Each structure stands twice: as C-alpha cells, then as structure tokens.
Amino acid sequence: MQPVIILHHHEIVLKGENRKYFEKQLLKNVRTAVGGLVNSSAIDGGYGRFILHLDLTDITDEILERLSYVFGLSNVCYGVSVEQNVEKFCQAALKILHDRTFKTIRVVTRRPDKNFPTRSMEVNAAVGEFLCKQFNVHANLSEPDETIFIEIVNGEAYVYRAKIKGAGGLPSGVSGKVVSLLSAGFDSPVASWQIMKRGASVIFVHFHSMPYTSQNSIDQVKQIVEILTRYQFNSKLYLVPFLDVQNEIVLRTPQSLRVILYRRMMIRIAEAISRKEKAEALVTGEAVGQVASQTLRNIRNIDQVATFPILRPLSGMDKEETIAIARKIKTHDISKEPYDDCCSFLAPRKPETWSNIEKIDEAESNLDIQSLLEKAVNEAKIERYIFPSNN
Ligand code: ATP
Ligand code: MG
C-alpha cells in the first residue's frame, strides 16, 4: 500500500479537440505546484485524472495545500494505491477507517479500467459487506457517515475516504494573456482571480503616485500579487508612475472630469503594455454603479479609448459577493487595510456621474496624451514573482 493523491480533471474533460493540450498544460502546472516536494516522475495519469505517488508522508499537508490552488482540478483525493484485487480493497479500507467512529457507510467504485473483470456494483457490495461486519455498522447509500471510494485505473487501484474540492476552472495558461489593472482595493484582485480561473495568464499593472502616495500602498499591491501568483506560478507586475499624468490633468482639465480622465489614461497605458506583452484583453474590477466613475455612461466613455476588449468580471456583482470571494482567495485581509490610491489623491469634490464625450474630448485636447503615455510606459518598473520559489 503506497500513499497517493488522485487528482480529477475539471472542465477539460469536455474540451474535445483541445483536450490533449489542456491536459498537458494541467500536468505541467501540477508538477510546478508541487515542485521541490514531489518528483515529477512520480506523477502520471490517464482516464481524466493524475496520480501522485508519495514517499514522504510527512509533507502531505503542504502538497495538498499547494494542489488546492491548481485551476483545472475538480477533486484532490488523498488515499492509497493497491493491487487490483477485492481482498486488497477491503484491507486498504479497513486501514483507512481504523480510527474513525461511524454508524453508516457506503462504498463507491469507479472502474474505467475494464480489464478488471468484477463490475463496480459487485465491488461495492463485497467491500461494503466486509466493512459492515468489521465495524459493526450499516450500509446507507444516501447519507452515510463515511464513504469509501475505490477507483480502478491504470493497472492499479486507489482507495480513499475524502475528496477535497479542487480550485475548478481551466488550467492556468491555456487561454492566453490578459493585462489586469490592479489596485490594493477589494475588487481588482478578485477580478484578476476570476479571469485567471478561466485559464488566462494575468500580467498586473499598478499605477502609483509616489512620493505623494505611500510605499505602503505599493507593498500591499505586491503582497496581493504574491498571493495570486500561487494560482499561476509566475507573474509580472508593472509599477507605473502616474503622478505626471495626474498633474497634467489637474492643471489643464475641469475638476469634475478628473477621475474619468485618469481612468482613460490608465486604459491607454495598460493597452500599450498589452501590445508589448502580446496580451488579448484588459481586466478591471469595475462594477456597474458602484461609484461615480462606474456609471454605465462613464464606463462607456472610458471604454472608448480602448481597442482591446475590457473584461469586467465583477460588473454584475454586489460588494458583499466580491468580498466573500476576496476572503476565499485570501486577498481580503490585505485589501481591508487602509491604502492611499492614486485616484483618491486629487479626487474631485463633485465627480461627474454622467459624462459627456464632447466635453471629455475638449478636455483631453489640452493634454499631450502621446508623450504622457510613452513616458509612463518607459518609466514603469517591472517585477517578477515565482511560486514555488525553490523551483
Ligand atoms: P478596486 O477595489 O479594485 O480598487 P474600486 O471599487 O475601488 O476598485 P476604483 O478605485 O474606482 O474602484 O477603480 C476601478 C478599477 O480601476 C479598479 O478595479 C482597477 O481595475 C482600476 N484601478 C483603480 N486604481 C488603480 C491603480 N492605482 N492601479 C491600477 N488599476 C487601478
Ligand atoms: Mg479602488
């Protein structure tokens, strides 16, 4: 009996033509996630799952934790591998359950490997009967206290009692690149995560107004990128100086349009970075009607400067829904700390909630947009993040 972790593939099972490519990327991601803990030769697969053969049981918790961040997995199951033999299944189940207290049990067998002659129902019945006798318990197929899972695949069999829910989504990297506008607030980390979950590699762009905004805010953004890197293993963060842009806007345009003009410049700069990075889309954490700059009209006028699609995964979400996800993905505690955003600094007293495009165009005619754009892109600092770092 050898300890194993069984990983069930999520949506990729449905992906037809692309399936091979998706599986290859998922396997690569699993190997990266457990790099330094599990030898990559100890990971193989087939039949819509991967198997990790473990030696060192003492680091299992860390391995399971890291696997819980891998997009494209539906379940992470810790158990043992045994020979394809009903007697061996019984012994494995006995061992797994030996220190547990329960009154009812069920056995669920899957047999994708049809070389094994006994049908799943018969295995369920045989192992179930054995366990009921051994533990003096009853079978209950609908709401049992304990379930034993048996999977007959790859010329061996796996027995386990618990499934941990995987991260779901599509394997990181299969959908191409996006550039996400990231602040230290609650929304944009969640928006980035949601697009990452759909298989996109996210490149982060943060605008700061140093030295008028603090180093603290940048550090918060860095911590957020560090957390999100656990899901994609490798991140790039552009730190873009935004003070010159803001100064020009403050000096030369009407106060009420400031935030919309800041946003339009952010989008232009992010789009220039997208071209450089060969990304396909931009991402923001905007939600319809959440603040003055996010009314439908203002979103429309911000969109006009972009030729790339702007993905807004939170557009239809309430703040509480977003915060619940922030908690789940562990960015909440960083975002809840106060930070000074470049847009609250020099914010207008009465921001325009229903902007007029002619007025915006007129205001922008006072700005040298091209040179502000080029300067910001050229002066951006790039940082790289890698997880696990010992790889
Ligand atoms: P968040 O919680 O993401 O900051 P928010 O509800 O506070 O969002 P705004 O601050 O108006 O809304 O920002 C709207 C979106 O613009 C953000 O979700 C983010 O994508 C982008 N954004 C705002 N500030 C910055 C910044 N300093 N750097 C990069 N992107 C930013
Ligand atoms: Mg904000």
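Guide: Around ligand 1, the shell (residues with a heavy atom within 4 Å of it) holds nine nonpolar, nine polar and five charged residues. Gly counts as polar here, and Tyr and Cys as nonpolar. This is a predicted model, in which local features need pLDDT of at least 70 and side-chain atom pairs 80 or more, while totals for chains, interfaces and linings use all residues. Residues are numbered from 1 along each chain, chains are lettered from A and ligands numbered from 1 as written, and side-chain values use heavy atoms, without hydrogens or water.

Visitor: Which residues are closest to ligand 1?

Guide: Of the 23 residues that surround ligand 1, the closest are L181, S183, D187, R263 and Q290.

Visitor: Which side chain has a polar atom 2.5 Å from an oxygen atom of ligand 1?

Guide: Look for polar contacts, pairs of N or O atoms within 3.5 Å. The side chain of Q290 makes that one. Q294 places a side-chain N or O atom 3.0 Å from an oxygen atom of ligand 1, and a polar side-chain atom of H206 is 3.5 Å from a ligand nitrogen. Of the 560 Å² of accessible area (1.4 Å probe) that ligand 1 has on its own, the protein covers 92%.

Visitor: Where does ligand 1 sit?

Guide: Rolling a water-sized probe over the atoms shows where empty space is left. A pocket is an open set of points on a 1 Å grid where a 1.4 Å probe fits, with protein on both sides within 12 Å along at least five of seven lines, and lining residues have an atom within 4 Å of a point. Ligand 1 sits in the largest pocket (more than half of its atoms lie within 2 Å of the grid points). That pocket has a volume of about 670 Å³. Its lining has 31 residues, with S183, R263, Q294, D341 and C343 closest to the centre. By class, the lining comprises 16 nonpolar, 10 polar and five charged residues.

Terms used: A polar contact is a pair of N or O atoms within 3.5 Å; within protein, one must be able to donate a hydrogen and the other to accept it, and residues adjacent in sequence count only if both atoms are side-chain atoms. Grid points are joined across faces, edges and corners, and a volume is the space filled by probe spheres set on the points.
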